[in-house]
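Let's take a friendly walk through one protein model. Please have the sequence and the 3D view open as you read.

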Amino acid sequence: NVLKDQGDLEAAIDSYKQAININPDYAEAYYNLSLLHLLRGNLDEGFKYHEWRLKIKKPTAAPARTNLIWDGEQSLSGKHFVVYEEQGLGDIIQFCRYLPVLEQKGANVTFKVKSNLHALLQTMDSKTSLNTRLPEENKIDFELPMMSLPLALKTTVETIPAQIPYLYADDQRKKRWNEKLGNKTVTRIGLVWSGSTWHKNDHNRSLLLNQLTSLLVLPVEFHSLQKEVREIDIKTLTDFPKINQHQDDLLDFSDTAALIDEMDLVISVDTVVAHLSGAMGKKTFILLPYSPDYRWMLDRADSPWYPTATLFRQPSVGDWDSVISEIRQLLSD
C-alpha cells in the first residue's frame, strides 16, 4: 500500500501477488490488487478481483445469496432484480447509472438505498423502485450489491455507461434556488474544498480554504456547496465574505443538486459533490491528490465516468499549489 501511495505501481503489484502466493485466501491482498488494476484502467481484471471486497474483514456489503446471483448471462426479461447499496454516497451516485441498464435488459429493478438519497435518485430516467429494506426472498429473482454490476455487465473503459446527465435537479427546488440567488450577473462557481473527516483518505484529498485564496480574489461569484464547514476554515470565510454560504438551506442532496444547477462551474475535491456535479453533466473541475482514488485512473485530464469533468492532479505528494495555479490560469484566461 505504501508503494502504491508513492506511485511505484509495479512494485506494489508484485507485493500483492507475493502476499497472495503466501496466502491464496488473503482477501485484502486481492482487493487492493483490484484497486490498482482499476486505477490503471484495466477494468475487466479490476472488477473481477474487486469481488474480494465482499470477503475482507470489514466488508462494505454482504455478498448476494448464491441462489439469487446474476452472472450477466441469464435473461432478465420480466425478472425482479434487487440491487443494494454499498460504500459511500459518492459510490452510490457513480454506480446508480447501472440501474437503467438492467431495466433496458427487461428487469424490474428495486434499489435498496438510504432514504436521504431517495429524492435525488427519483430524478433518474428510470422506473427503479427505491426502498430502505430488501424485499422477501420469494419475491426476488436476482440480487447483487451495487458495485458488482460493472463486472456482471462486463464493463470496460470503452463501455462505461456515460449517458450524461443521468441525475437532475428537482423542478420545484430549482425554482426555489433560482429565486433565492436572483439574476446572474457574473460567472457562478460552486466550491467544495473538503470532504467528511471520517474518510480514511481525508488528509490527502481535502484542502484548507485558505489554500484557495488565489482563486477567491477572482471577479466571479463563489458559492459554498458544503453542508459542513470545519472550524479551521471559519476565519477564511470571514475574510472572504463574497463566498456565499448555504449550509442551513441544504436540507438534502436534492437541494445540493438544485444549487449545482445554478452554477456555471463546480470546483471540488474528490467527494460526493464532485460525483453529483458530474452525474448532472455540469462543467466540473476535480482536484486530485498525487495518489488518486482508483476511479480517476492515471495520467489523464478527463474521466470516462463523467465526460464534463476535468481532472487536476498533484504533480507530487501534497502539491496543491501547482493544481490551484493551473486552475487560476484557466479561469483568468
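Predicted model: local features only at pLDDT ≥ 70, side-chain atom pairs only at ≥ 80, totals over all residues.

Residues are numbered from 1 along each chain as its sequence is written, and side-chain values use heavy atoms, leaving out hydrogens and water.

Start with Ser206, which sits in the loop between helix H10 (202-205) and helix H11 (213-216). Helices (H or I, at least four residues) and strands (E, at least two) are DSSP runs, numbered from the N terminus. Is Ser206 buried or exposed? Ser206 is buried, with a relative accessible area of 11%. Buried means under 20% relative accessible area, exposed over 50%, and partly exposed in between (1.4 Å probe, protein chains only). Leaving aside residues up to four places away in sequence, Ser206 touches Trp193, Ser194, Gly195, Arg230 and Trp320, where contact means heavy atoms within 4.5 Å.

Next comes helix H12, residues 231-239.

| Group in H12 | Residues |
|---|---|
| Buried | Asp233, Thr236 and Leu237 |
| Exposed, on the other side | Glu231, Lys235 and Thr238 |

Seen down the axis of H12, the buried residues fall within an arc of 105°, so they line one face of the helix. The arc is that of the directions from the helix axis to the C-beta atoms. Strand E7 (243-244) is included in what covers the buried residues of H12.

Finally, six strands form an open sheet with parallel pairing, in the order E7-E6-E5-E8-E9-E10. Its edge strands are E7 and E10 (309-313), each pairing on one side only. Two strands pair if DSSP finds at least two bridges between them.
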